[in-house]
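Work through the following exercises with the sequence and the model side by side. Each task is followed by a solution that goes step by step.

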Amino acid sequence: MAVYRFLLTPRWLGILALTLAAAVVMVLLGNWQLSRYQERAAINERIDTTAKVPPVPVGQVLPAPAGTAGTTGQAPPAEAAWTRVTITGRYDDTNVILIRSRTVESKVGFEVLTPLLLADGSAVLVDRGWIPPASGGSALARPEVPAAPSGEVTVVGRVHLSESKPDAVVRRDGRIETRRVAVPVLARELPYPIYHGYLLLDEQTPAADPVFSAIPIRHENDWQNGGYVVQWWLFAVLALVGFGWAARREAHGGPGNNGGDRDRAGQDRLGQDRLGGQDRLSGQDRLGEPAPTPRP
């Protein structure tokens, strides 16, 4: 092992420290991507599972609001998302909320949220679906929204958590408009307390207007995170293997070392040739010298 004593030099100890630090960082990044993969895989499993079970009363999933007008109930846990629930009430068609710049099947339009008033005076926001903008206008042209059914309505829908990064809320011709479904922000525009979260409409009695398109529930892209896990862990292994390869080449002589040996060998041979040439010249000089003339 004497050939590996160079690993104890400051230069190689520094290289080893950097390699180990890089490998640790790559492993940690892989672990983080693994946790993201597990989170997204759990969401996908929940979406698939809840689609197969009967809906439950909304009160079993979303805490009822206990405050005054303009407030929301307690935020539900993340596990509540996509649970199918059922609820009965009356639509408040005077406080329709338009969520602009929403895309369904590559088309930009509006999602229409309407508060469903409950017997206790609170309400839950129901996303009745997607509709295109007004004909002949831009993607932001306000559409004609079909009136909500009058009288008592029973809704079956999926729980959607409040969206982050709230946008400004404006009122135009009595309609509330915004870009994001941030429930606490929307609650300030309504004259009653509302549940924290909203429902994506699945079924409705009486039936919903056919102009609405159902909001698709997209599965999370968990396979991408799985690929990142393999990628980062592989990079960590390659960093360690690369260090070992470099150390072995240094110990047993790499291309650079062989080249240096060849240069030194060539210089030795050149030196020998020069010495040999001088000897031969000296011998020839001696052989060619005339015999000394005897002195009288």
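Helices (H or I, at least four residues) and strands (E, at least two) are DSSP runs, numbered from the N terminus. The model is a predicted one, in which local features need pLDDT of at least 70 and side-chain atom pairs count only at pLDDT 80 or more, while totals for chains, interfaces and linings use all residues. Residues are numbered from 1 along each chain as its sequence is written, and side-chain values use heavy atoms, with hydrogens and water left out.

**Exercise 1.** Find how many helices and strands the chain has, and in what order they run.

Solution. Counting the elements gives four helices and nine strands. Reading from the N terminus, the order is α-β-β-β-β-β-β-β-β-α-β-α-α.

**Exercise 2.** Check whether the end-to-end distance of helix α1 agrees with its number of residues.

Solution. Begin with the rule that the expected span is 1.5 Å times one less than the number of residues.

**Exercise 3.** Determine which residues of α1 are buried, and what covers them.

Solution. Take buried as under 20% relative accessible area, exposed as over 50% and partly exposed as in between (1.4 Å probe, protein chains only). The buried residues of α1 include Trp 12, Ala 23, Met 26, Gly 30 and Ile 47. Their cover includes strands β2 (84-91) and β6 (152-160) together with helix α3 (222-252).

**Exercise 4.** Locate the nonpolar surface patch and find which element gives the most to it.

Solution. Nonpolar side chains (Val, Leu, Ile, Met, Phe, Trp, Tyr) are joined within 5 Å, and like charges within 9 Å. Here Leu 8, Leu 13, Leu 16, Leu 20 and Leu 240 make a patch of about 450 Å², and α1 gives the most, with three residues. Leu 13, which lies in α1, is partly exposed at 41% relative accessible area.

**Exercise 5.** Work out how strand β8 pairs with β3 and with β7.

Solution. Strands pair if DSSP finds at least two bridges between them. β3 (residues 97-104) and β8 (residues 175-178) are parallel over three bridges, with Ile 97 opposite Ile 176. β7 (residues 170-172) runs antiparallel to β8, also joined by three bridges, and Val 170 has Glu 177 as its bridge partner. β7 and β8 form a hairpin with two residues between them, and Asp 173 in the turn has a positive phi of about 55°.

Methods
Contact means heavy atoms within 4.5 Å. Patches are made of residues with over 30% relative accessible area and no salt bridge: like charges are joined within 9 Å, nonpolar side chains (Val, Leu, Ile, Met, Phe, Trp, Tyr) within 5 Å. Accessible areas come from the Shrake-Rupley method with a 1.4 Å probe; for residues, only the protein chains shown count as cover. A salt bridge is a side-chain nitrogen of Lys or Arg within 4 Å of a carboxyl oxygen of Asp or Glu.
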